[in-house]
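Please examine the following structure with care.

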Amino acid sequence: MGSHGDIGGTNESLVKMPTIKFTKLFINGEFVESISGKTFETIDPRNGEVIARVAEGDKEDVDLAVEAARAAFDHGPWPRMSGAERGRIMMKFADLINQNVEELAALDSLDAGKLFSLGKTIDIPGAAETIRYYAGAADKIHGEVLKMSRPLHGYTLLEPIGVVGHIIPWNFPSTMFSLKVSPCLAAGCTMIVKPAEQTPLSALYYAHLAKLAGIPDGVLNVVNGYGPTAGAAISSHMDIDKVSFTGSGEVGREVMKAAAASNLKPVSLELGGKSPIIIFDDADLDMASELALMGILFNKGEVCVATSRLYIQEGIYDELVKKLVEKAKAWAVGDPFNPEVRQGPQVDKRQFEKILSYIEQGKKEGATLLTGGNRVGNTGYYIEPTIFADTKEDMQIVKEEIFGPVLALMKFKTTEEAIQRANNTKYGLAAVVVTNNLNVANTVSRSVRAGSVWINCYLAIDNDCPFGGYKMSGFGKDFGMDAVHKYLQVKAVVTPLHNSPWL
Ligand code: NAD
């Protein structure tokens with residue numbers, strides 16, 4: 001395929017390619033066509049070819065799914081059964097996912113260009129583990145007894161919030177599905193999931209497995225479709241009680257507006273980022289360079305926490321940059337089914353063109369292109385690992401989320417300067433600090449305004465670790481018990497003690 005350690009060619013013989021079994025909408029426990037009969041194409045980013053046509057849901061289909069979810073919430077068994085029973089069914093759901101790992105991983109690789117080797121070892125088993133984590137939480141949801149100041153007995157009940165709409169992006173289709181759906185199931189809610197239009201296939205497969213596991217009809221519905229139609233119908237729906245959204249800031253704003261203009265439903269927003277990685281003079285340069293490259297090239301840079309702004313302390317700048325460039329040039333770009341490849345194609349043509357136009361913008365703004373900057377090959381949406389030096393915080397490539405394999409390098413002198421520049425952004429999703437000096441690590445992690453701080457590591461996401469943004473990266477946490485509380489509401493119950501008058 002050309003330069004940059006690229007590995008072309010499809011290694012499909014190593015993998016049993018999946019037959020596409022599920023392409024309809026999943027409403028009330030059945031796969032159904034959309035009311036309009038319309039379908040849309042889902043595209044293979046390796047070559048731009050159509051993988052399958054998928055039913056295109058619109059407002060009327062969302063209405064049907066909400067009707068089913070409403071009935072399942074108001075009258076069905078799911079919110080009424082014990083947490084232990086919900087947990088048992090969720091455990092079965094997780095087991096079924098483990099039994100279908102290869103097929104699910106292949107669907108995400110086909111739809112999103114994700115590395116198959118990581119899908120089958122991390123994304124899909126990880127999705128099953130997330131469901132197990134929340135299955136274990138389902139029977140541990142309880143309120144508290146209140147210490148009232150008067151002769152009153154008071155306690156709180158934590159009740160499921162109701163019907164939830166989940167609107168999710170394409171970059172981690174399985175992780176996103178499981179991290180939204182599992183705490184919501186554990187809480188006893190019912191739901192409608194709208195996968196991103198680029199990656200509908202694994203969500204439909206999960207719906208099929210949920211039914212096999214015994215999740216009652218109407219509890220989990222999947223409506224594929226476009227954002228302004230199916231997505232907007234969810235955020236403006238009068239009978240949806242909560243929207244949990246992951247995606248871009250612009251769309252997050254639209255979701256919030258629609259929620260406010262309809263039934264004032266609460267929303268949680270997991271949005272974009274422009275995360276800093278700060279590498280201090282005392283860092284091990286091999287480790288630091290590997291971490292910095294993973295931070296920008298993992299999942300081809302289509303990661304909300306991608307560390308796209310690299311601040312290097314002046315004493316190691318030249319040596320570290322040399323290593324980064326050497327390693328980036330050798331980074332294997334190519335078919336995501338090939339186990340030797342480290343970077344697959346960008347998700348679609350639109351994203352591919354957007355990234356290339358940011359690269360052109362970087363050159364125009366006066367940044368120095370050290371390596372990369374071009375597409376790889378002539379087919380598919382592959383882009384070279386790209387590194388710019390001489391960048392400044394007021395350049396577009398430093399200010400805006402590119403969501404691709406494009407790294408901006410900057411030099412700093414002091415810890416105070418690094419903190420000030422790291423915080424010079426509208427975003428606040430994550431930050432990475434690389435140092436062996438505990439005082440420096442502690443100072444930076446307490447001063448940086450970001451929802452996750454990773455010291456000497458990257459993407460240290462865990463089921464037990466709350467994840468979500470500060471500032472314009474959104475609000476509301478995924479993972480950890482915080483995520484269950486997103487789908488619960490607190491009821492206070494009070495009664496007088498000893499027949500005392502209540503006033
Ligand atoms: P996007 O905002 O374009 O789309 C996200 C979802 O919203 C899709 O399902 C889309 O169909 C839907 N949507 C689009 N318009 C809508 C509307 N008007 N009303 C309701 N729904 C609508 O984002 P994207 O391009 O799919 O994903 C990339 C963005 O997501 C990046 O900004 C990235 O940082 C962010 N992201 C954030 C996290 C996180 O956890 N913070 C994780 C992954 C991605």
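The reply begins with the part requested and then turns to other places in the chain.

Q: Please take a close look at the contact of helix H3 with helix H6: at what angle do the two helices pack, and how far apart are their axes?

A: This is a predicted model, in which local features need a pLDDT of at least 70 and side-chain atom pairs count only at pLDDT 80 or more, while totals for chains, interfaces and linings use all residues. Residues are numbered from 1 along each chain as its sequence is written, and side-chain values use heavy atoms, with hydrogens and water left out.

Two packed helices are described by the angle between their axes and the distance between the axes. Helix H3 covers residues 101-112 and helix H6 covers residues 201-213; they pack at an angle of about 155°, and their axes are 8 Å apart. Here the axes are lines fitted to C-alpha atoms, for helices over the stretch in contact, and angles run from 0 to 180 degrees between N-to-C directions. Helices (H or I, at least four residues) and strands (E, at least two) are DSSP runs, numbered from the N terminus. H3 and H6 are therefore roughly antiparallel to each other. In these terms, angles under 35 degrees count as roughly parallel, over 145 as roughly antiparallel, 65 to 115 as roughly perpendicular and the rest as oblique.

On the H3 side, Glu103, Leu104, Leu107, Asp108 and Asp111 meet Leu201, Ser202, Tyr205, Tyr206 and Leu209 of H6. The residues of this contact divide into 6 nonpolar, 1 polar and 3 charged. Ala, Val, Leu, Ile, Met, Phe, Trp, Tyr, Cys and Pro count as nonpolar, Asp, Glu, Lys and Arg as charged, and the others, Gly among them, as polar.

Ser202 belongs to helix H6. With 1% relative accessibility, Ser202 counts as buried. Buried means under 20% relative accessible area, exposed over 50%, and partly exposed in between (1.4 Å probe, protein chains only). Neighbours within four places in sequence left aside, Ser202 is in contact (heavy atoms within 4.5 Å) with Leu104, Leu107, Asp108, Pro173 and Ser174.

Two strands pair if DSSP finds at least two bridges between them. S18 runs parallel to strand S12 (residues 276-279), joined by 3 bridges, and Val433 is the bridge partner of Ile278. S18 also runs parallel to strand S19 (residues 452-455), joined by 4 bridges, where Ala430 stands opposite Ser452.

An open sheet is formed by 3 strands in the order S5-S6-S22, with antiparallel pairing. Its edge strands, S5 (145-146) and S22 (488-496), each pair on one side only. Strand S6 (residues 152-160) pairs with S22 over 9 bridges, and Thr156 has Ala492 of S22 as its bridge partner. Leu497 lies in the segment after S22 and is partly exposed, at 34% relative accessible area. Not counting residues up to four places away in sequence, Leu497 touches Pro151, Leu152 and His153.

Most residues other than glycine have a negative phi, and most peptide bonds are trans. Leu264, however, has a positive phi of about 55°, and Lys300 has a positive phi near 50°. Leu264 is in the loop between helix H8 (249-261) and strand S11 (267-270), whereas Lys300 is in the loop between helix H9 (285-297) and strand S13 (309-313). Leu264 counts as exposed at 68% relative accessibility, while Lys300 is buried at 2% relative accessible area.

Finally, the structure holds 0 disulfides, a disulfide being a pair of cysteine sulfur atoms within 2.5 Å. Cys184 is in no disulfide, and the nearest cysteine sulfur, that of Cys189, is 4.4 Å away. Cys184 is buried, at 0% relative accessible area. The sulfur of Cys457 is too far for a bond, because the closest cysteine sulfur, in Cys465, is 9.7 Å away. Cys457 is partly exposed, at 26% relative accessible area.
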